[in-house]
Amino acid sequence: MINYLRTLLPVLFLLAMSHFSYAQKLQPGPQVLTFFSDVDDTEQPYGLYLPKNYNPKKKYPLVIMLHGAGSNHRLSLRRVFGKSNANGENDVESTRYFPEWADVNYIVASPFARGTAGYQGVPEKDVYDVLADVKRRFNVDEDRTYLTGLSMGGGGTLWIGTSRPDIWAAIAPVCPAPPKGTDALAPNLLNVPAHFFHGDKDPSVPVAVSRDWTKRLKELGSTVEYIEYPGVEHNSWENAYKDEFIFSWFKQFKRNRFPDRVRYSSANYKYNQAYWVQFDQLTPGTLASIDAKFTGKNRLEITSNNLDGLTLNLAGHSQYKAGKPLDVVVDGKSIQLTGKDALSLVRQAGVWSETNAAMAKGKRKGAEGPLSEAFASRHVYVYGTGGNPTPEELKTRAELATQAANWSVDRGAFLGRVMVFPRVMADKDVRPSDLENANLVLFGTKETNSLINQYSDRLPIHLASTATDYGLFYIMPVNNHYVAVSSGLPWWTENGGQVVGRPMPKPLSNPAAAQDYFLFKGTPKDVIAEGKFDTNWHLPESEASKMTATGVVTVATGAVSSTR
């Protein structure tokens, strides 16, 4: 009997687990799922569509849909299927339910991405987190993954599609409002077909945006289509997504993992790779570019700009034969390279040569700034308890950090709240896990904040604790995370020291123009010094002089660039 039970129990367990798994299967059609965000330890929602008769053994194409300003994940899931609000219905009412629509053989995911916050920084990370979550849950064809969006989401489609082009098989921006600086990345769409849609009477996003992008992409030799709707205003998505058109258009395209030609531009190590080309040495904030193409078996022509190190990852390419030398022309000079799957090149004194490692040692991926990067992923706000503050002073310090962390302030009925909830804590309450896994936004000086004091020998600039009418804000990599130091007046101070309005960090309002540091007096509009540290995280001498001339700033020995 005992042996019988020993045999039977595993069978019963498997049957129970099978039933449990069946009970956990998602229903087809529109619904909402969540993923756990490590930015602020919250569950973040996204809309999901599963086709009827979904078969987990079969790979499915995936469409990522990005919503516009004032919208959300539920509405955008409706929009991509051509479903506008019912007559007399507002967005709030439409958000409450999903109408019936025609089945398509696609998985569709629509991130909430924190609300109306654009698609850079935390919202951009959310998009990639949703992509990863969908691929973890379902059988996705990574060579048939597509990106579309409307208005703010159309701009996000251009930004995300151009900054990491090798993820997408095709993109479709609808009346797009791209972030500043995105147009410089247009060459990156060489291998990504794009379809634009716009109304010629659009009062919110000028139709010239789509016209100019279409013209530019045609000039660059990219595959691009454009439909302009006469008399249509900002609701061009009603036409663009009508009758599931976008799915039939996407169906034509499949990602080419190994194109013969790669054209790629980037100003940041954060986006340093496309297809088989990798940037290893560039100057963050300065656009670097490459045009690399096979002209035959093991023959390459490469032109570059503002680039000092690169790697070619050639394994799997049909034009590459392993073990055989490669003939390469780089910026007009011929060199012969060994037949390795990953070939690294470095440029010194204007001459390219093969190297074992071309990786940057100063500013590099994950340690390049600018200030916006401190807020783009997991971060905590830390106020100081040092200097024997009175209870009132300690309360003021805590309130200042809390105000900085209050992303979710109400911005009105249309813009709503930005749903980011970072933590605020005292310096004495910071845990080892925070030091290991989070960027630190530190308020105070080395006299008032123990963490600023702890890192003082690695921080290049210090503001005197007595400087009541100055504000200093800068970023510096420490260990495996960023430290952003806010000393004196906070970065959102206005009107003679009064804190006014939403304290959205200056670098978040325009990440493309973000700096590594700035020092101001009285108000951030009165800047004394601002800019970027050099590639070795040193201050330019001229900027250091401006700071020390105030008499309230100390620049650490060795923190100033020796290059004039």
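Analyst: One term to begin with. A crossover is right-handed if, with the strands pointing away from the viewer, the path from the first strand over the helix to the second runs clockwise. Helices (H or I, at least four residues) and strands (E, at least two) are DSSP runs, numbered from the N terminus. This is a predicted model, where local features need pLDDT of at least 70, side-chain atom pairs count only at pLDDT 80 or more, and totals for chains, interfaces and linings use all residues. Residues are numbered from 1 along each chain as its sequence is written, and side-chain values use heavy atoms, with hydrogens and water left out.

User: OK, which elements make the β-α-β unit?

Analyst: Strand 5, helix 5 (residues 152-163) and strand 6, and the unit is right-handed.

User: How do strand 5 and strand 6 pair?

Analyst: In parallel, over five bridges. Strands pair if DSSP finds at least two bridges between them. Tyr146 has Ala170 of strand 6 as its bridge partner.

User: And what joins strand 3 to strand 5?

Analyst: Six bridges, with the strands parallel. Leu66 is partnered by Gly149 in strand 5.

User: How many residues of strand 5 are buried?

Analyst: Nine of 11, across residues 140-150. Buried means under 20% relative accessible area, exposed over 50%, partly exposed in between (1.4 Å probe, protein chains only).

User: Switching topic. What is the strand order in the open sheet?

Analyst: The order is 9-12-13-15-16, five strands with mixed pairing. Strand 9 (261-266) and strand 16 (333-337) are the edges, each pairing on one side only.

User: How do strand 15 and strand 16 run?

Analyst: Antiparallel, joined by five bridges. Asp327 has Gln336 of strand 16 as its bridge partner.
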